Amino acid sequence: MTKSFHTFAVLAALACGTALADEAPAQAMYIRGAFNGWGADAPLLDQGQGIFVADIVIGPGWHGFKVGSKDWAREWVIDPAASVNIALDAPYPLVQHGGAQDYLLVKQSGAYRFSIDVSHPGAAQLRISRLGAPASDGTDAHLGHAARQTLDFTTFDGRTESAQFSAPDASAALRGYAQSSTMQLRDPGAQSITYQETADQPRVRSANLAFDALFALALTEMKQDAVSQIQDGNYNGGAAIACDCFETGERWHYVWTRDLSYAAKLGLAMLDPQRTRNALAFKLSPWRVGATVAAQVAGSAAGLQIVQDTGSGGSWPVSTDRVSWAFGAEEVLNMLAPAERAAFAQQALTALENTIENDRLAAFDGATGLYMGEQSFLDWREQSYAAWIVTDLAALASSKALSTNVAHYKALTLAAELAREQGKAALSKKYQGWADALKKAINARLWLSGAGMYSGLTASRFDGAPMVKFDWLGQALAIITGVADEGRAQEILANYPHGPMGAPVIYPQQADVPVYHNRAIWPFVTAFGLRAAAASGNVSVADAAYDTLMRGAALNLSNMENLEWLSAQPLLLDEAKPALTGPVINSRRQLWSVAGYLGMVIGNVFGVSTSRGGIEIRPFITSRLRRTVFGQADVIALKALRLREHTLNINVKLPKATAVSGYFAVETIFVNGKRAASPIRWEQLGSDNLIEVVLGELLEGQQGIKRVRADPFAQGSAVFGPPEPVLGALAHDARGRTRLLIAPTDRRPNTVFNIYRDGALVAARVGGASWTDSAATPTACYALEAQFVDSGNRSHHSAPRCNDEGMSIAVGDARIASNVQVAGPNERFAAQHLPGWGKPSDTFTVRDVRIARTGLYQIELEYHNSANQINLGISAGVKWLTLRDHGGRVVAQGVIALPHTAAGAMPWQPAHSTALAARLRPGSYLLEASDFYNMSYLQSNSSFGAAGGVDGPMNQVDIFGVRVRAAK
């Protein structure tokens with residue numbers, strides 16, 4: 001997830017400081033690592049005689065750390081060139097300059113002493129010792145509580161962990177609860193918590209103390225996430241920003257577009273629509289004061305649009321899932337009373353229109369009918385993309401992701417609905433037409449009939465094939481939005497793999513990559529999977545989701561950010577391969593996890609959802625849920641649920657428990673004693689209402705589910721995909737045939753290879769080290785895919801290679817003209833370039849671009865963008881290309897992206913932007929590059945601390961030239 005890894009990476013990157021001149025820490029020095037968020041809260045205290053110590057309570061994990069000053073100007077590390085794994089109670093010499101972080105493996109929570117001895121000049125030493133287990137006050141949170149219940153959970157390694165719940169008075173109108181866990185928690189601290197129901201929030205009574213308590217816990221955590229100020233070190237100089245908003249979690253005190261929007265969809269908007277609306281409005285921004293906006297940019301003069309948070313390659317349009325905002329906005333609109341709704345609906349349509357129109361220019365691929373951009377929320381690219389993608393983020397930007405395209409579909413349908421309501425019939429018709437076409441394209445281009453699921457993402461440019469890679473969020477969103485029809489929905493639910501503890505967010509997993517998105521359960525994604533299962537009546541998948549969500553909240557005493565997939569541990573220590581330990585980052589009371597749990601109870605167990613016209617009541621109670629969770633109840637009750645100006649008390653009457661699998665149909669609904677149909681119109685409700693739901697017939701529903709069982713420490717073929725192979729240089733013979741050399745990164749006897757030409761499979765299950773294409777064309781592009789023979793799991797595609805690498809025109813060529821002077825070669829770049837080109841007034845033209853034959857061509861800029869790291873910032877280069885024929889007529893124009901480029905060793909080599917596609921006839925053409933915009937042009941980023949922030953918009957890159965490649 002963006003904020004988690006980005007916070008880590010910013011601080012770690014800052015740790016490349018200058019050499020230190022002295023030995024003793026005359027300036028205050030700190031122990032800074034993953035265990036304290038790389039903060040400066042653990043100063044080294046002078047003990048005398050050259051000894052400095054810091055005592056820190058650390059939880060389990062493989063923790064990177066450094067010794068550094070508060071401003072990172074000074075660092076001490078063990079080996080600047082390599083990380084060192086620390087053994088306890090052993091001395092390690094320190095050098096006084098920046099370098100690689102070192103690592104401490106902690107198996108059990110405890111207090112650890114970091115001691116630095118500088119008593120001997122030139123021989124500073126670090127020693128780490130464990131002082132003991134965290135201190136306990138010895139109190140029993142359950143002492144004196146009359147009502148108690150224990151839930152036992154079997155672990156992956158055959159043990160049992162337990163969560164205990166208690167209440168001093170189970171008959172109280174507003175209960176207090178205590179909850180404890182035997183499982184070692186992710187973060188050091190007490191193994192128990194207490195919390196209290198409040199009169200301003202709903203509550204559950206189910207004859208199951210634990211179920212009632214966990215709902216109260218989620219509401220308590222929602223209140224903890226409800227803040228009047230937000231804060232992020234990248235904004236406003238780290239100072240607080242006033243906002244009656246929801247922060248993202250215990251560790252993350254800011255508002256991010258996708259986190260908030262998915263959380264709003266799952267339950268926040270229903271429970272606190274005003275605060276959710278405030279937070280959604282915070283993620284809208286007009287143009288920055290003084291920003292120069294190019295004429296090609298679409299939308300209104302003020303430019304109000306949805307903010308794309310920092311992501312791969314410098315944010316938008318490499319990451320394009322800002323449109324997920326529509327999921328949250330729709331739910332808020334359903335909850336607001338008519339007068340309030342009208343104002344927010346107008347604001348929402350303006351923002352959606354400006355966003356949609358510019359995304360259409362910058363991210364829509366007319367050739368496929370799909371939107372380009374990174375997978376939604378899976379924005380730590382090393383976790384879910386090919387390893388080579390980090391050196392070619394324009395390739396990532398050119399790929400298409402299921403989840404992101406479904407989010408675009410939601411934005412289009414919501415905009416069409418709002419335009420229709422506001423009397424803009426032509427606009428509504430346009431957006432509905434775009435939505436219908438997008439839905440058709442998703443189903444035509446991403447559905448994999450052999451797998452019975454949608455491809456989670458396509459390969460990149462020069463390839464574009466839908467890959468045999470899957471993500472649970474995208475599948476679930478396709479179902480709940482109606483992109484998937486009922487038949488496909490049932491196939492998806494039956495085919496998406498589930499482990500013993502639930503569904504992973506991606507499948508198959510990435511080998512030799514630590515747990516975060518890879519090998520992980522994310523509760524909010526599970527909650528969307530539950531919604532999809534309930535919508536299609538899949539009992540098995542729903543039961544798995546209920547188990548996952550309740551287990552996670554019970555044993556962790558919180559709704560965690562994520563859990564390892566096969567063990568459901570908040571941190572799975574891998575002592576044999578400590579670098580694979582994870583989840584690497586995790587937070588308690590993660591906002592969308594909290595919302596997912598609340599949505600599970602309100603939206604699925606009690607079946608409450610809202611629309612503009614009223615309330616739908618469709619409980620999805622399976623026979624297993626009825627038998628194991630509500631076995632002692634005849635009626636379960638949701639009390640004091642406030643929707644608009646109405647208070648609802650919902651009683652669900654349960655049939656007798658049964659061992660037969662299925663779910664119970666809704667038989668009758670009564671509203672204030674009168675029989676009613678669902679949906680219930682708002683005008684049917686008074687200020688206080690009793691809704692009685694009687695469940696009746698047991699329906700078999702869908703039972704299909706795919707189970708995967710494996711050792712969480714083993715990288716077997718049932719769970720993982722093979723590493724992607726490498727395609728060697730292409731060879732050509734006199735007959736025009738192309739010979740491909742297959743160089744797997746990890747050759748295994750269980751592996752075969754599939755070969756793609758121009759995105760189409762042309763050879764399957766190739767076992768040799770080479771393959772010859774007798775049907776090669778001069779412009780053909782190839783990619784390889786590895787496949788395990790036994791499981792069928794596949795790798796990402798290799799980086800593609802093409803028979804025609806294209807024609808390059810360097811900036812030193814007389815045909816290129818710019819107001820920026822050519823520089824270099826120099827120590828940074830081996831070739832001539834235009835340094836810092838891209839200010840709004842900068843010009844760049846290439847005349848006499850000669851095309852010899854009719855065909856489709858792709859035109860790219862050769863560039864370097866070092867404005868920020870590849871995982872940070874808002875300064876992706878985003879420019880407008882115009883191609884004119886000899887008569888001056890525009891034959892092609894559009895947006896290209898020039899993402900941040902990986903640093904690597906100097907002199908740096910140029911990268912290639914995304915392409916402008918043009919079908920051309922023979923002749924001479926004029927190419928012009930001019931400004932477009934990126935996220936740094938938005939007012940919301942005016943306080944951003946890095947490039948594109950406080951010093952003004954940043955949309956500049958170094959230009960080396962142009963590449964023109966024949967595609968077909």
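Predicted model: local features only at pLDDT ≥ 70, side-chain atom pairs only at ≥ 80, totals over all residues.
View A. The backbone of Arg589 has a phi near 40 degrees, which is a positive value in a residue other than glycine. Most residues other than glycine have a negative phi.

**View B. Arg519, with a positive phi in a loop between two strands.** The residue shown here, Arg519, is placed in the loop between strand 26 (506-507) and strand 27 (520-521). Its phi is near 60 degrees, again a positive value in a residue other than glycine. Because its relative accessibility is 6%, Arg519 counts as buried.

**View C. Arg159 and its side-chain partners.** Arg159 is located in the loop between strand 11 (147-154) and strand 12 (160-167), and its relative accessibility of 38% places Arg159 among the partly exposed residues. The side chain of Arg159 makes a polar contact with the side chain of Asp157 at 3.2 Å, and another polar contact, at 3.0 Å, is made with the side chain of Glu161. When neighbours within four places in sequence are left aside, Arg159 is in contact with Phe153 and Thr154. For a sense of scale, the C-alpha atom of Arg159 is separated by 31 Å from that of Tyr663, a residue 504 residues apart from Arg159 along the chain.

**View D. The disulfide of Cys243 and Cys245.** The sulfur atoms of Cys243 and Cys245 are 1.6 Å apart, and the two residues form a disulfide, since a pair of cysteine sulfur atoms within 2.5 Å is assigned as such. Cys243 is buried, with a relative accessible area of 9%, and Cys245 likewise counts as buried, at 0% relative accessibility.

**View E. The disulfide of Cys781 and Cys802.** In this view the sulfur atoms of Cys781 and Cys802 lie 2.0 Å apart and form a disulfide, and the link is right-handed, with 105 degrees about the S-S bond. Cys781 lies in strand 44 (residues 781-788) and Cys802 in strand 46 (residues 801-802), so the pair ties together parts of the chain that are 21 residues apart in sequence. Cys781 counts as buried at 2% relative accessibility, and Cys802 is buried as well, with a relative accessible area of 6%. The count for the model comes to 2 disulfides, and, with bonded cysteines counted along the chain, the disulfides follow the pattern 1-2, 3-4.

**View F. The cis peptide bond from Trp316 to Pro317.** The peptide bond that leads from Trp316 to Pro317 is cis, with omega near 0 degrees. Pro317 has its place in the loop between strand 19 (305-306) and helix 5 (325-335). Most peptide bonds are trans.

**View G. The cis peptide bond of Ser678 and Pro679.** Ser678 and Pro679 are joined by a cis peptide bond, for which omega is about 10 degrees. Pro679 is found in the loop that lies between strand 34 (674-676) and strand 35 (680-681).

Conventions. Residues numbered from 1 in each chain as written. Heavy atoms only, no water. Helix = DSSP H or I, 4+ residues; strand = E, 2+ residues; numbered from the N terminus. Buried < 20%, exposed > 50% of the residue type's maximum accessible area, 1.4 Å probe, protein only. Contact = heavy atoms within 4.5 Å. Polar contact = N/O pair within 3.5 Å; in protein donor to acceptor, adjacent residues only side chain to side chain.
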